[in-house]
Each structure stands twice: as C-alpha cells, then as structure tokens.
Amino acid sequence: MDATLFSAHLVRGLTDKIYDKRKSAALEIEKLVRDNETTPAHITEIIDTLVQDFVYSNNSNARNGGLIGLAATAIALGPAVAPYLDIIVPPILSCFSNQDSRVRYYACESMYNIAKVAKGEVLRFFNSIFDALCKLAADPTLTVKNGADLLDRLIKDIVSELSTTYVSPHQEPYNPPESEQETDSLVVPRSLPRNTAFSLPRFIPVLSQRIYVKNSFTRQYLVSWISVLDSIPDLELVSFLPEFLDGLLNCLSDPSHEVRVATSTLLGEFLQEIKQAAAVRGQQEDDNHSNNSSSDHEHGKGTYMAGQGVIVQYDRIVETLVQHLSSPEEDIQRTALQWINEFISIAKDVVIQFTPRIILAVLPCLAHSTSVIQNTAIETNRNLQKLVLEASTTPVLNTNDENDPDSDASPVHRSVDEEPFDYQTTVSNLRLQFLNENEETRVASLEWLLMLHKKAPTKILASDDGTFPALLKTLSDSSEEVVRRDLQLLAQISSHSNNEYFRHFMTNLLSLFSTDRRLLESRGSLIIRQLCLSLDPEQIYTTIAEILGVDEDLEFASIMVQNLNLILITATELSDLRKRLRNLDHKEGQRLFNTLYRSWCHNAVATFSLCLLAQAYEHAANMLQIFAELEITVSMLIQVDKLVQLLESPVFTYLRLQLLEPEKHPYLFKCLYGILMLLPQSSAFSTLRNRLSSVSSLGFFHMMPNKSSLAPPTEASAVKQRGTSKSSKTSEDGIKFQELLQHFKAVQSRHERQRKQAMQNIPRSSGRSRRSPYSSKGLHGV
C-alpha cells in the first residue's frame, strides 16, 4: 500500500474497535477519495486496499473498518461510483454470511449506503443482493434482521422505480432479444423491457430455487418480493408464474398466519391477472375475426390494455395445480380447486386434456369434511362435466404457432388424429373411484360414465378394459343410490349394444347372483326392477328365462325363478308385461308364456302362479294333479302361503271377479280349492277358505266343473277352454299345453332326483364348497 494514501493514523482508526473512531477514519477516506477523484488509478488502489487489507482480514474490527471505508468511498464518488461497483459490491456481499453478527450488520449498512448512491447501477447485482438478503431474512440476530430489512426496502424502492427503465453503460445488456443462452427454457414476453440493468429472466431461476425454503421469515421475504415484482406492470411477472407456482402454493401450509394470508392474497392477484389476460385475448380474437375496420383502429398498437402481451402458460400451471389437488393441506387443496374451476372457463382446450387426472383428485373431494372444499369440488365437477359434454368428439389440429412467444395456448402438442379428450384414461380413472369409501364419490363416478357413454357410446367400453366386470361387482355396493346409478349405466350400455352383448350381460348378472346369494336376497328385486325401468321388461324376462332353462344348477334356478315370479306379480314396472301374459289369444302373449313357462318349471308354485296370471286355469288345475306326486316341502308350503296372500292383492282383482262367473271360468274354482287342500290349517288357509265361502254362499258353487271335465286335457280342449273364457281363439300354432305339462313333470323329476342325491351326499360333501356353474362364463376382474 502506498503510504501517501493510507497513513498509520488512518489504519489505526479503521481497525479500532470503537465505532466512532472507525467513523472518523471513514470521513478521512471520504476526503481522500475526493482528492483523488480525477485519478481513477488511485481510486482503484484505495478500494483494493480496503478490500484486501481490511474486508478480507481475519480481524473482525478490521473487516468492519473496511466495510465502512468502502461505503465512504461510494459516498465520496457519488454517481461516479458506477465503474467501481464490480470491485466494491462482491466483497461486501461476502460479509453477509460472516459468522460475526456485527460484520453481517455492518455489511448491510455499507451496502445500504452504496445502494443509495449507486441507485440504478446496483440493479446489476440484484440477483446476488437478493440471494444474500434471502439468507439474512432468517438471521437469528435481531439487529442483523433489522439492518437487512432496511436494505431490503431500499432495494425494493429502486427496483420499483428503475427496473424497467434503467440501462447501465457499464455492462452488456442482460436480456437482449438475441441472447437466449441462459433463458432458453423460459418463455419471455415480447413486451418485456430489453437492455435494462435488471433482468427478470435471469432472476426467475434464483427465485424458483429459493421458493422451496421452509423458514417462515424467508417465505415472508420471498412472497413480499414476488408481490413487488408483480406490481410492476411492464415486467409481466405472471408470464413466469409456472416457474415458482409450486413453491408458492407450498407456502400456504406455512405455520405462520401472516405468511399464509400474504400468499393467499398474492395468488388471488395472480388469478385476477390471468382472467384479465384471458379476457383481453378473447377480445383481441373477436376483433381479428371482425371485419369492422373501426375496431382495428380502436385497439391498435397505440392503445394499451391491461393484460395485453401477457403469456399465460396454462398447461404448465394446470400441471402444477393438478399435483396439489390431493394435498393434505386444506388451504393448498382449496386454492388448487378454485384455480382449476376458474381455468375451466378461460382455458377449456387445456383443462380438457387434464380431465382424467383432475377427475381422479376432484371426485374424492365431493365428500370432504370441509364445506368450502366440498362445495368447490361439486362446482368444479359440474363445470368439468359440462366442458366435456360440450367438447367436440372430432380430432383437433394444433394450430398454435410454436414460434409465437405471445401465444397463450398450451404447448402440449397433439397430432392431427388425436382427440383433445382421452376417453379410455378417463374411464380407467373413474373405475378406480368405485373403490372409494365415500358414497358421493362412487355416485359421481357412475354419473360421469353415464354422461360419457351417452356422448360417445362406442368409445367408452372396450371389450377387455375391465369396466363391465367392475360395473357388475358394483351391484354389491352398500349404497342403494350407487346400485341404481350402476344399473342405469348397465341398462344404457345394453340399450346401445346388440343382443349378444345383452345376453352376455344377463348371463353374468345371473352368475353374480349365483355366487353371491346375499346380493340376490338383499338387492335382487331392486336390480331386476331398475333394469325393467330402463330396458324392455319382456326382453329381460325372456332372456333370463332362456338362460335358466339350460342351467344345471337346479337349486339356484328354482330360487331365481321364485324371485322373478314375485317381481312379475308385484312390480308396477311390469304391469304391461302382465297384461301381455293375460292375452294368450295373440302370438306375442303365447310366445311370452311359452318362454317363461319352460323356465318357470324349476319352481312348481311359480309355474302355477304364471298360469293364474295368464288365465290358463284348466292347465293350472291339471298341474295340481302332478303336485300330488311331488314331495311337499316346507319351502313349497311357504310359497303357497305367499301366493294366497298375493291373490288378495290388487294384481289379482280380475281373478277374484272371475269367481263371480263360474260358467266362464269353471277351472278357476278347482285351482283355488286345490291350493286350499295343499295348505295346512293356517292363516292363509282361513283367508282362502273365507274367500271361496263368500262365493259359494252366493249360489255359484253348483256351477263347479263335473267329473267329466276333469279328464286329461288335450290340445283341442285347451283351445276350447280358452275359447270359453275369451271371445277369440288361439292361433293354429298356439300353446301346446300337453307338451308343457310333460315338460313340467320332467323338470320337477330332475329336482326330486337332485334333492335325494343331495341328502345322500351330505356326509361326504359337508366339507366341500360348491363350485358355481357360472364360473366358466366369466366375471373376470370382478
């Protein structure tokens, strides 16, 4: 060091532990600098001496003296300090991380004084200053935090005032249009100021790294800076939102209430800016499609609109939001849901591509314990369904210009033949929701499938995607509402499919009933009735009857027929089917009776009930003779008891009235008296006896058929019998009652043999499980 520049007295003053003496020495340095202001070499030597001998010294007092000396140098130079900042600022910033809290404090004080003098020139070092202050925001020493806060406010003022206008003559521009080496991964708006000392594209990587800190003080510092930068219109910080949105959302989980409130407010401002930019872009597109020249002049280059030139990278924003839709933090989850809900209306083309993933996260929120999240999820789900329903099913060509950085459109590229909405992935994700514990979620997933199938039936169900077995398994769901929706969907699928698919559906449904008898008992009636509401009841009954007719599991066939018969008699949904059965004078009624009869033979009482429904009283009376040959089990007596109760229901009003016309329906009396003879002394016996007694007391008993009428029936007599009760005659190819009676005897004989065999095999098969006869027909995946 040149002795003519730094005297021994000055050196002692700078290294003194007393602040006032160091301050006096700084005043001497200030005078020394002014004296050598016209000699840049001497100024450089003074600065080098302060840095090397003092700031980098191991003595903390010397460091403090060096820091105050550098500040004095800057004050003496004033605006002329700009050329020397490259050798002044870095040494000061290195002291921000010094172990001595006093050194850190004086470094902040020195930087503050230099920034006040340098003003716009200090923006050249903004990234380094920001990073250093970010660490000091969480400093354990209060005086250091206060000093850092003072410097932070000054830097914010400088940035707010000069960041978009100040161009430094002492450095190359940070972000000229042709310089993309360090910012090639960023989408930079064309409206961003060029050649300025402050470079937002170079600052964003620093912010995107620091935004993931966990300290509350540091988070508060970062949020405040993002807010400041966002308040500067020309910077268009929202264009860079995807770079730090993920970390910013994480700040909503901070323990500090102040941090959460500040973050929530900031995110709300960003959302408003995005909506404003979308509105401006929509207006510009309308102007471009308009042929009105005055509109072009009104919004020409000379008129600035808020949000104009902003780049909103919707796809990257939605990608980030989707990741937070299932966050365990309620504030994060609520905010992500609100943003997605808003984006549905302003970025439809982007959101629809993320629909499969959004559904996966939104549907479980429909039953969220927090009402705000639940209501937002319900609204989001409704809007998303509307979006998909209105979306075109034709492939969309991506017309975005990849070279246009001002384009708001998503850079998620699609080929010409690719559709904007992925049906198969959506269906797969909806199928996963069948396992959700919440009823609302399961119902919503089925409503989605109903809507999607109605919109595009051919695109929903692939033959091997596992959806159909999953829908069948859902019939065992604990919620009746889920089962109703499931049946509605299965019916809708069947109505848009061929007969083979419908038969496959009925076969698998019977297989499910066979393997899950509890489901048959608890939900069998509901399932059949719901299907009859949505599909043709006759098709359902005839198809099931055909399948049961060849079933080898006689026990299950009998139980199933018993259930179907009860539904046929009592369900209001089947009133038209009952009317067709009562009309055996037409081919439709005959064909229906023949089909059902052959399957109903698995259950004797059900077959008898079918004949009563069809008014085939002579055939029913002849069936009673076969009943005498059957083993009258407790189960059969219970079924007969139920039949007597049903005879008193409104469904059989016509039958009770026909008792008043014995000359037209002579075999009806024999049928009812035959039932009476089957019953033991019980309440059902008394009910039926009272009914018959009330008729006989009116004088109709003498009109019962005589012995000659009880001869075995022939097909001709069957036709004649039908002719006595109806004005018209059956067709030539009508019902062959004698063949049906033989079929009934054959089927009941098979049941008798199986019951006897089962009784003999009980000791040997007690430890074995019965294999379902439907196992080969397949409920793979169910």
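Reader: How many residues apart are Trp339 and Phe343 in helix α15?
Author: This is a predicted model, where local features need pLDDT of at least 70, side-chain atom pairs count only at pLDDT 80 or more, and totals for chains, interfaces and linings use all residues. Residues are numbered from 1 along each chain as its sequence is written, and side-chain values use heavy atoms, with hydrogens and water left out. Helices are DSSP runs (H or I, at least four residues), numbered from the N terminus. Trp339 and Phe343 both sit in helix α15 (residues 330-346), separated by about one helical turn, because they are 4 residues apart.

Reader: Are Trp339 and Phe343 stacked, tilted or edge-to-face?
Author: Rings of Phe, Tyr and Trp (its six-membered ring) pair if their centres lie within 6.5 Å; planes under 30 degrees apart are stacked, over 60 edge-to-face, the rest tilted. Trp339 and Phe343 are 6.0 Å apart centre to centre, with 40 degrees between the planes, and the pair is tilted.

Reader: Is Trp339 buried or exposed?
Author: Buried means under 20% relative accessible area, exposed over 50%, partly exposed in between (1.4 Å probe, protein chains only). Phe343 has 0% relative accessibility and counts as buried. Trp339 has 2%, so it also counts as buried.

Reader: Which residue forms an aromatic pair with Phe130 across 91 residues of chain?
Author: Phe130 is in helix α7, and its partner is in helix α10. Both residues are buried. The rings are tilted, at 5.3 Å centre to centre and 35 degrees between the planes, and the partner is Tyr221.

Reader: Which residues do ring pairs link into a cluster with Phe130 and Tyr221?
Author: Phe130 is among the buried residues of α7 (residues 126-136), and so is Phe126. Ring pairs link Phe130 and Tyr221 into a cluster with Phe126, Phe198, Phe203 and Trp225.

Reader: Are α4 and α6 roughly parallel or roughly antiparallel?
Author: Axes are lines fitted to C-alpha atoms, for helices over the stretch in contact (heavy atoms within 4.5 Å). Angles run from 0 to 180 degrees between N-to-C directions; under 35 is roughly parallel, over 145 roughly antiparallel, 65 to 115 roughly perpendicular, the rest oblique. The axes of α4 (residues 60-77) and α6 (residues 101-118) come within 8 Å and cross at roughly 5 degrees. The two helices are therefore roughly parallel.
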